[in-house]
Amino acid sequence: MLSQVCRSGFQPFSRRLLSWAQSTAVSRSCRVQPSGIRHVRSWSNIPFITVPLSRTHGKSFAHRSELKHAKRIVVKLGSAVVTRGDECGLALGRLASIVEQVSVLQNQGREMMLVTSGAVAFGKQRLRHEILLSQSVRQALHSGQNQLKEMAIPVLEARACAAAGQSGLMALYEAMFTQYSICAAQILVTNLDFHDEQKRRNLNGTLHELLRMNIVPIVNTNDAVVPPAEPNSDLQGVISVKDNDSLAARLAVEMKTDLLIVLSDVEGLFDSPPGSDDAKLIDTFYPGDQQSVTFGTKSRVGMGGMEAKVKAALWALQGGTSVVIANGTHPKVSGHVITDIVEGKKVGTFFSEVKPAGPTVEQQGEMARSGGRTLATLEPEQRAEIIHHLADLLTDQRDEILLANKKDLEEAEGRLAAPLLKRLSLSTSKLNSLAIGLRQIAASSQDSVGRVLRRTRIAKNLELEQVTVPIGVLLVIFESRPDCLPQVAALAIASGNGLLLKGGKEAAHSNRILHLLTQEALSIHGVKEAVQLVNTREEVEDLCRLDRMIDLIIPRGSSQLVRDIQKAAKGIPVMGHSEGICHMYVDSEASVDKVTRLVRDSKCEYPAACNALETLLIHRDLLRTPLFDQIIDMLRVEQVKIHAGPKFASYLTFSPSEVKSLRTEYGDLELCIEVVDSVQEAIDHIHKYGSSHTDVIVTENEKTAEFFLQHVDSACVFWNASSRFSDGYRFGLGAEVGISTSRIHARGPVGLEGLLTTKWLLRGQDHVVSDFSEHGSLKYLHENLPVPQRTTN
């Protein structure tokens with residue numbers, strides 16, 4: 001069926017498909033609901049979404065996030081979107097996807113209108129076929145088959161092509177919308193329909209009646225009769241309908257629409273012609289910015305270029321309609337570009353009349369890049385001085401910090417769970433610990449950037465060095481914990497990286513004061529802009545698309561946050577752990593005195609932490625022993641809810657609730673207990689159900705402990721120590737940007753070393769590779785040279 005073809009992409013168009021589409025469109029009738037009643041449908045597995053759509057028209061949206069409230073929407077499909085690359089025929093797969101997206105929005109209760117090109121291309125395809133068929137018959141009758149290859153196709157007049165293609169184009173749209181139980185109606189217009197007052201009222205009334213009846217109007221210029229466009233023919237305050245861009249803008253304002261989506265074959269508006277070396281996509285365009293843009297040529301097909309689109313967009317914006325120009329041809333995004341725009345995602349160029357008070361996130365990214373590069377060129381002592389100054393500010397400005405934090409806590413009361421409130425809270429002791437950690441980072445930063453790791457003499461007077469350098473620009477996204485901000489900032493400063501910080505709204509007041517103090521510390525050496533706090537309304541998913549500005553994303557928060565960022569990141573590496581499912585194996589030779597202390601600290605000291613114990617593995621020989629009873633009694637006193645693993649449950653007559661999954665991160669006072677027969681079974685269990693974060697063995701048998709330490713494949717593996725030691729500060733790293741369970745670049749608590757990469761420096765004297773060829777005069781030496789010793793403080 002056509003619905004299946006629509007979703008998977010059309011095969012080359014055929015007469016049989018067109019005939020079927022036309023007959024379907026002619027035979028069906030529009031089902032109209034009684035006046036005032038809007039029938040909202042759903043189909044297939046596409047979810048129905050309820051959105052608040054009541055809005056008074058008159059002022060355009062100020063920010064992308066508000067687009068989700070758009071009720072009446074015009075989608076303009078440019079010629080390059082609708083037609084194939086050969087400009088002869090329609091891009092059926094793209095059209096099917098567009099129809100599906102429009103249908104999704106229509107069935108959410110929105111009022112959708114289409115302004116579409118394509119009649120000329122469709123007609124050209126049909127007329128070419130008819131001409132070829134006619135010529136082939138004549139040639140076959142008079143000249144034989146050999147001359148068929150030499151037949152010439154005459155140049156086809158556009159108005160004739162439009163006349164031949166309009167009915168087929170509409171029949172195709174009708175057939176496609178039918179699959180979603182939506183009726184469509186065609187309206188052909190000319191300039192006169194807008195300039196003649198009576199015709200304009202008639203058009204307006206027709207469109208409103210169609211929308212009232214839940215019908216999608218499909219509007220196009222009547223290219224079969226329209227005269228060629230005249231340049232500079234706009235009337236005072238009125239835009240002429242001389243291409244589909246101006247038609248869409250005029251229609252949007254006439255119908256008081258909330259949003260106009262203009263789809264073309266480019267990603268949006270660039271500050272210079274797309275494809276040029278320095279071209280940058282403009283995320284948000286404001287009236288008056290035209291002088292900063294250099295327009296290129298128009299698209300490969302169609303009447304209007306980008307200059308025409310911008311002119312139409314600004315005219316619509318002035319009339320109270322928000323506008324987004326985006327790419328409707330890219331195969332990876334065109335399948336959801338319309339719905340992404342309406343959801344407020346960072347797609348294309350958004351036109352807004354309201355300029356933000358501060359810099360955009362793109363500008364912040366550029367400032368972080370530039371500031372980070374300057375930061376990396378400072379002397380190690382200068383970077384250490386900045387961090388020391390920040391540590392002093394944390395204690396000197398303690399009262400201001402705690403006052404801001406108090407505001408956050410008051411606003412979060414009743415909205416956040418107790419563990420999250422604990423993370424959000426700052427105290428004098430926390431600030432003192434932060435200051436101590438920052439001074440540790442300052443000490444370790446003395447020999448970080450530019451440290452020589454390897455030296456090799458390639459040949460005489462040709463020496464190679466591998467040295468440490470910053471990664472570039474880091475994006476750190478963190479939830480609840482404002483103390484994360486100075487920690488991460490200090491690590492970025494020590495490693496010479498630019499930094500973008502995105503904190504949770506619940507810590508807005510705390511983050512703001514801590515960022516101001518960070519910039520104050522950076523100012524002592526003129527690198528204030530190296531650390532940026534993202535205060536704009538960008539969603540995390542939008543930040544993850546800034547692959548040209550960000551080199552590494554580090555999420556700090558819940559496992560769900562990490563998974564969401566890993567899914568959203570487009571071409572940017574993500575350093576983090578998906579979950580913190582930490583295990584502790586209590587061996588048959590474990591010390592009675594040590595076990596309960598280790599279990600209590602690992603589980604109860606801070607159950608919300610990613611390094612908290614989640615599964616306790618007990619050797620079978622310990623069941624029904626005093627040691628086992630002590631563990632259970634301690635957990636009951638600490639009010640820990642116990643879940644029984646399958647084997648543990650089988651040993652008990654009255655057992656706790658059997659665990660639903662052995663791969664669970666509780667993040668609270670809950671614990672799974674399971675029984676194993678040996679250290680090998682414990683290791684196998686950890687590898688099957690763990691998350692490679694932190695795993696512990698408790699035993700007095702050194703041989704068993706070493707076997708566990710060597711065979712458990714996790715970022716951190718401990719013997720007779722609490723899992724809560726898995727932390728950058730406790731490891732002596734000063735602080736951490738997070739804990740990584742990946743196996744590339746950095747693993748475990750990631751401190752200063754994990755924020756560095758390397759580059760190669762080669763110093764020669766007029767050396768060329770040809771001198772080292774088989775008949776050359778030089779030979780490779782590849783001698784290892786001594787590496788300068790690191791200084792320690």
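Predicted model: local features only at pLDDT ≥ 70, side-chain atom pairs only at ≥ 80, totals over all residues.
Leaving aside neighbours within four places in sequence, leucine 561 is in contact with Ile477, Glu479 and Arg556.

Where along the chain does leucine 561 lie? It is found in helix 20, which covers residues 559-568. Is leucine 561 buried or exposed? Its relative accessible area is 10%, and buried means under 20%, so leucine 561 counts as buried. Consider also phenylalanine 478, which stands 83 residues away from leucine 561 along the chain.

Helix 20 lies across strand 11 and strand 14, and it runs at about 160 degrees to strand 14. Both strands belong to an open sheet of 4 strands, whose order is 13-12-11-14 and whose pairing is parallel. Which strands form the edges of this sheet? They are strand 13, residues 531-533, and strand 14, residues 552-556, each of which pairs on one side only. From one strand to the next, the twist averages 20 degrees.

For those new to the subject, strands of a sheet pair through backbone hydrogen bonds, and the pairing may be parallel or antiparallel. One example here is strand 12, residues 498-503, which pairs with strand 13 in the parallel sense over 3 bridges. Within that pairing, leucine 499 has valine 531 of strand 13 as its bridge partner.

A further helix belongs in this picture. Helix 18, residues 508-522, lies across strand 11, strand 12 and strand 13. Its direction is at about 160 degrees to strand 13. Strand 11, residues 473-478, therefore has helix 18 lying across it, and helix 20 lies across strand 11 as well.

I shall close with the protein as a whole. The protein has 25 helices and 24 strands. Of its 793 residues, 52% are buried. Among contacts with a separation of 6 or more, 75% are between residues 24 or more positions apart. The accessible surface comes to about 36,200 Å², and carbon and sulfur atoms account for 51% of that surface.

A search of the whole structure finds 5 aromatic pairs.

Technical notes:
Residues numbered from 1 in each chain as written. Heavy atoms only, no water. Helix = DSSP H or I, 4+ residues; strand = E, 2+ residues; numbered from the N terminus. Buried < 20%, exposed > 50% of the residue type's maximum accessible area, 1.4 Å probe, protein only. Contact = heavy atoms within 4.5 Å. Pairing = 2+ DSSP bridges. Axes fitted to C-alpha atoms, helices over the stretch in contact; angles between N-to-C directions. Areas by Shrake-Rupley, 256 points an atom, 1.4 Å probe, with all protein chains shown as cover. Phe/Tyr/Trp six-rings, centres within 6.5 Å; stacked < 30°, edge-to-face > 60°.
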